[in-house]
Amino acid sequence: MVHPELNGGFIFDIQGFSLHDGPGCRTLIFLKGCSLHCEWCSNPEGIRPFPEPLYNPSKCLLDDLCIRACPSSAITRSGNVLEIDREPCRTCTGFYCAEACCSSALKKGGDFISTRELMRKINRDRQYWGASGGITLTGGEPFVQPEFTRDILKTCYDSLIHTAVETCGNVPWADIEMSLPWLEWIFYDLKHMDPDQHKAMTGSGNRRILANAKKLAQEFPGRLVFRMPVIPGYNDDPSHLKRMAEFIASTGKEEINLLPLHHLGREKHSLTGRAYYTQEYSVPSRIDLTGIQDLFTSTGITCYIGSDTPF
């Protein structure tokens with residue numbers, strides 16, 4: 001069933017054949033916009049809620065074609081690189097700067113897609129999922145676009161497509177609640193239990209995140225799996241891990257998935273004009289992760305490492 005009144009929203013990628021973001025083989029849909037600004041973010045092009053130019057200075061010819069093409073005068077030259085004010089991109093419909101670039105130094109990051117067109121792409125992948133596959137909304141933060149997220153999930157659910165979401169939970173409860181009837185699986189990030197430490201690395205406190213986690217545990221009938229990005233020296237000390245285990249137990253849930261820090265998104269930060277600060281943190285070893293797993297297990301919490309989550 002396709003709902004004729006559906007509108008659309010902003011995405012920045014669609015990836016098929018995923019095996020680690022829900023049961024079966026899945027199609028991942030990356031929505032624009034996030035309410036956090038995690039320093040280790042692997043998808044920084046998903047933070048801003050609108051399409052934006054992605055700039056690679058190593059490919060730039062400094063021919064000023066993009067400067068002349070921008071109707072908002074948002075691009076200027078600073079020595080041998082360009083400086084871009086991305087705020088006017090909120091209302092840009094043409095992205096003439098990227099069209100004018102002849103070296104691919106500027107590309108458009110993100111685009112509007114109607115729900116109808118997105119469903120066409122989803123159905124194209126459907127034959128490859130197998131019996132238990134489906135779609136997973138990720139980002140960015142899907143619930144930053146709550147109506148679009150609801151429309152995708154409802155249309156998929158009505159079409160007998162398994163639905164899942166990856167969320168940081170840092171949104172108003174109402175923006176999550178409207179999608180719950182059409183959701184079957186939620187991955188829910190917990191980054192740090194201390195509000196000040198949480199804000200230091202993500203730009204926001206965690207009060208709303210923890211409150212929404214408790215509400216979901218009570219009201220969501222599907223499978224809820226907590227996730228924690230493991231950032232050595234930030235959130236992996238035993239005292240903090242015990243606090244997180246106690247919180248999970250207080251919700252009545254018993255699962256957490258460890259996501260080890262990686263630096264694969266480092267280069268993308270510069271494309272969006274952001275600094276990457278997390279390279280000073282080391283990638284956790286398998287021994288480190290196993291030690292964390294043992295600690296959670298000792299408290300009665302089932303802990304999965306990386307892609308080991310059983311689906």
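1. D64 is found in the loop between β3 and α1; helices (H or I, at least four residues) and strands (E, at least two) are DSSP runs, numbered from the N terminus. D64 has a positive phi of about 65 degrees although it is not a glycine. With a relative accessible area of 24%, D64 is partly exposed; buried means under 20% relative accessible area, exposed over 50%, and partly exposed in between (1.4 Å probe, protein chains only).

2. The model is predicted, so local features need pLDDT of at least 70 and side-chain atom pairs count only at pLDDT 80 or more, while totals for chains, interfaces and linings use all residues. Residues are numbered from 1 along each chain as its sequence is written, and side-chain values use heavy atoms, with hydrogens and water left out.

3. Two further backbone features deserve attention. Most residues other than glycine have a negative phi, and most peptide bonds are trans. S73, which is not a glycine, has a positive phi of about 55 degrees. The place of S73 is in the loop between α1 and β4 (75–78), and S73 is exposed, with a relative accessible area of 58%. The peptide bond from G139 to G140 is cis, with omega near 15 degrees. G140 lies in the loop between β8 and α4 (146–158).

4. P57 lies in the loop between β3 (52–55) and α1 (65–69). At 36% relative accessibility, P57 counts as partly exposed. From C-alpha to C-alpha, P57 and I231 are 30 Å apart in space, and they are 174 residues apart in sequence. V165 lies in strand β9 and is buried, with a relative accessible area of 0%.

5. How many disulfides does the structure hold? The structure holds zero disulfides, a disulfide being a pair of cysteine sulfur atoms within 2.5 Å. The sulfur of C60 has its closest cysteine sulfur in C66, 6.1 Å away, which is too far for a bond. For C70, the closest cysteine sulfur is in C97, at 6.2 Å, again too far for a bond. C70 is buried, with a relative accessible area of 15%.

6. Rolling a probe the size of a water molecule over the atoms shows where empty space is left. On a 1 Å grid over the protein atoms alone, a cavity is a set of points where a 1.4 Å probe fits but cannot get out, and a pocket is an open set with protein on both sides within 12 Å along at least five of seven lines; lining residues have an atom within 4 Å of a point. Grid points are joined across faces, edges and corners, and a volume is the space filled by probe spheres set on the points. A search of the whole structure finds one cavity of 30 Å³ or more. The largest cavity has a volume of about 80 Å³. Its lining has 13 residues, and C60, L61, D63, C66 and C101 are the closest to its centre. By class, this lining has ten nonpolar, one polar and two charged residues; Ala, Val, Leu, Ile, Met, Phe, Trp, Tyr, Cys and Pro count as nonpolar, Asp, Glu, Lys and Arg as charged, and the others, Gly among them, as polar.

7. The largest pocket holds about 1200 Å³ of space. It is lined by 46 residues, and S42, N43, E166, L259 and H262 lie nearest its centre. Which strand gives the largest share of the lining of the largest pocket? That share, five residues, comes from β1. Strands that each supply at least two residues of this lining include β1 (8–18), β9 (162–167) and β12 (255–260). The lining of the largest pocket divides into 17 nonpolar, 19 polar and ten charged residues.

8. The aromatic rings form the last topic. A search of the whole structure finds six aromatic pairs; rings of Phe, Tyr and Trp (its six-membered ring) pair if their centres lie within 6.5 Å, and planes under 30 degrees apart count as stacked, over 60 as edge-to-face and the rest as tilted. The rings of Y188 and F226 have centres 5.9 Å apart and planes at 85 degrees, so this pair is edge-to-face. The pair links distant parts of the chain, with Y188 in strand β10 and F226 in strand β11, 38 residues apart. Both Y188 and F226 are buried.
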